[in-house]
Amino acid sequence: MKNHWTIWIVAAAAAAVLIAVALVPSPGSRPGSQSHAGQAQSAFDRPEGASEFRPSYHITPGKNWMNDPQRPILLDGVWHYYYLYNAGYPKENGTEWYHLTSTDLVHWKEEGVAITKYKNGLGDIETGSAVVDHDNSAGFGKGAVIAVMTQQDQGIQRQSLFYSTDHGYSFTAYAENPVMENPGEPDWRDPKIIRDEAHGQWVMALAEGSKIGMYTSPDLKNWHYASGIERKGLGVLECPDLFQLDLDGDPAKRTWVLAASANGSEEGFTTGVAYWTGEWDGTRFTPSDGPHQWLDAGSDFYAAVTWDDPRLTESQRMSSRHAIGWMNNWQYARQLPTQDWHGGADSIVRDIRLETIAGKPTLVSSPTTAMKALEGPAATTGERRLTPDGAGQLPVPEGGAYRLDVTLERTAQDDGSVARIELGSDGGTFATVGYDFATESAFISRESDAAATGKAELSPDYRASRRAVSPARDGKVELSIFVDYSSVEVFINGGEKTMTSLVFPTAGTPNIKAVTAGGTLTLKSFSSRQLAATH
């Protein structure tokens with residue numbers, strides 16, 4: 001299938017690399033997004049013609065629709081990543097697997113549709129997972145890529161197998177599909193497969209309404225039900241994941257994690273990724289005592305997948321793994337103001353670890369280390385007092401793709417509680433990221449952005465502020481804020497908590513304000529860095 005948008009792999013050095021112009025089919029751009037006529041394009045410029053909300057360093061489709069990420073695989077030093085894509089949106093339904101490749105999980109090259117919908121009589125191509133069959137257990141050859149995913153036809157969800165013998169660039173449907181026939185369940189989807197070497201088997205986690213079904217197989221074609229784990233109060237579960245990490249980096253505390261995308265409305269939350277820690281014995285996952293936790297506290301982090309790097313040692317792989325999520329929310333996914341593409345975007349790739357926080361195993365996130373290659377020089381300020389009138393002039397990066405690092409403090413001389421970092425332009429504030437020392441929580445709000453103020457029918461979930469509890473450390477709070485034209489990702493206290501949110505700025509010259517909601521606080525440090533384009 002013809003590529004809709006060419007992404008060039010850019011070897012981005014921090015401040016000064018020239019980037020080739022990619023084609024994006026939409027007019028109009030935000031200030032700072034284009035170079036002047038006759039000048040060389042800088043690494044920090046988006047392609048000529050980038051539309052108003054087009055991200056600079058996040059994955060989006062060139063046009064049409066995207067949603068769920070599919071877990072990347074590594075072959076000969078190249079990551080192969082797929083996401084669900086609908087070329088017929090909004091007139092047609094049904095998704096297929098769109099293929100991207102990367103060597104660093106930051107710069108991506110488009111490869112086109114790898115698995116096409118409606119070709120084998122079983123429906124469209126929905127969420128699943130791909131694995132590399134190193135030992136030829138499925139019989140398609142050593143090193144074949146085996147993808148098992150949900151196909152849906154006339155409302156019936158089944159699991160099918162496709163295989164690739166050319167490193168994941170093209171796939172063939174298995175002649176005996178489906179490999180798993182629906183037993184009569186309305187929700188029976190999103191198979192996530194891992195290799196369980198300790199028990200010599202493949203393991204699948206499958207979303208079955210409010211239950212995660214666990215299945216095992218010797219060959220990826222014949223699957224046997226092993227057990228199920230019921231998780232009430234979270235709506236219809238989707239996109240499960242099962243993996244191991246060493247708690248606090250200690251191999252003696254190796255812990256299994258089961259995750260699933262879920263609905264937190266009963267908790268005053270929205271949709272997100274819930275997870276449980278526990279043990280897997282080859283047949284059953286047994287969760288530890290305690291309720292689920294959320295991988296991200298924002299409105300727009302869903303359908304996440306995690307994976308490790310097979311080139312690393314076992315100790316390294318068990319200390320940290322990668323994660324990426326879909327930045328959107330089904331409550332308003334089809335109501336957003338983008339014109340040339342739909343479905344939001346993917347988050348940046350994160351590195352996640354399992355650490356003891358407040359006495360319990362907790363997934364902690366940080367931007368993947370390759371993101372450093374995108375950073376321009378830092379503009380910084382010294383310590384200053386925060387008041388309701390602000391902290392004076394702060395360095396504002398050009399354009400709409402940048403990183404802010406903020407340290408806030410409440411000293412003995414301060415009488416304030418709430419600090420607000422207002423991201424905006426002369427057209428108004430589009431997002432506020434802040435911290436409330438009284439409730440020990442960070443927050444993000446976007447009730448005044450272009451989507452919230454321009455669409456009366458927009459879901460109330462869009463205008464709701466989100467909070468994440470993360471106590472100050474020695475009176476200080478650290479916020480790392482990644483902004484990219486239509487998104488904000490916040491890492492709180494070194495990634496102890498994260499919040500991810502789509503935002504849609506109003507036009508105008510960018511500005512950043514740091515203020516309090518009353519009284520005084522201390523802005524201990526502030527830095528801003530422009531981030532280079534990756535497409």
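Let's start with leucine 105. In this predicted model, leucine 105 has a relative accessible area of 5%. The cut-off for buried is under 20%, so leucine 105 counts as buried. Where does leucine 105 lie? In the loop between strand S3, residues 96-102, and strand S4, residues 109-115. What does leucine 105 touch, leaving aside residues up to four places away in sequence? Trp79, Trp307, His322 and Val349.

One distance before we move on. Leucine 105 and alanine 205 are 100 residues apart in sequence. In space, C-alpha to C-alpha, they are 25 Å apart.

Next, strand S9, residues 189-196. Seven of its eight residues are buried, so the rest of the structure largely encloses S9. Its partner is strand S10, residues 201-208. The two pair in the antiparallel sense, over six bridges. Arginine 189 stands opposite alanine 207 in S10. Four residues sit between the strands of this hairpin. There, glycine 200 takes a positive phi near 60°.

Now the largest pocket. Its volume is about 1,000 Å³. How many residues line the largest pocket? The count is 33. Nearest its centre lie Ile194, Arg195, Glu197, Asp308 and Arg317. S9 is among the elements that give two or more residues to the lining. The others are strands S1 (64-75), S5 (128-133), S13 (238-246), S14 (254-263) and S18 (302-307), plus helix H1 (314-319). By class, the lining has 17 nonpolar, 11 charged and five polar residues.

Key. Residues numbered from 1 in each chain as written. Predicted model: local features only at pLDDT ≥ 70, side-chain atom pairs only at ≥ 80, totals over all residues. Heavy atoms only, no water. Buried < 20%, exposed > 50% of the residue type's maximum accessible area, 1.4 Å probe, protein only. Pairing = 2+ DSSP bridges. 1 Å grid on protein atoms, 1.4 Å probe; cavity = no way out; pocket = protein on both sides within 12 Å on 5 of 7 lines; lining within 4 Å. Points joined across faces, edges and corners; volume = space filled by probe spheres on them. Nonpolar A, V, L, I, M, F, W, Y, C, P; charged D, E, K, R; others polar. Contact = heavy atoms within 4.5 Å.
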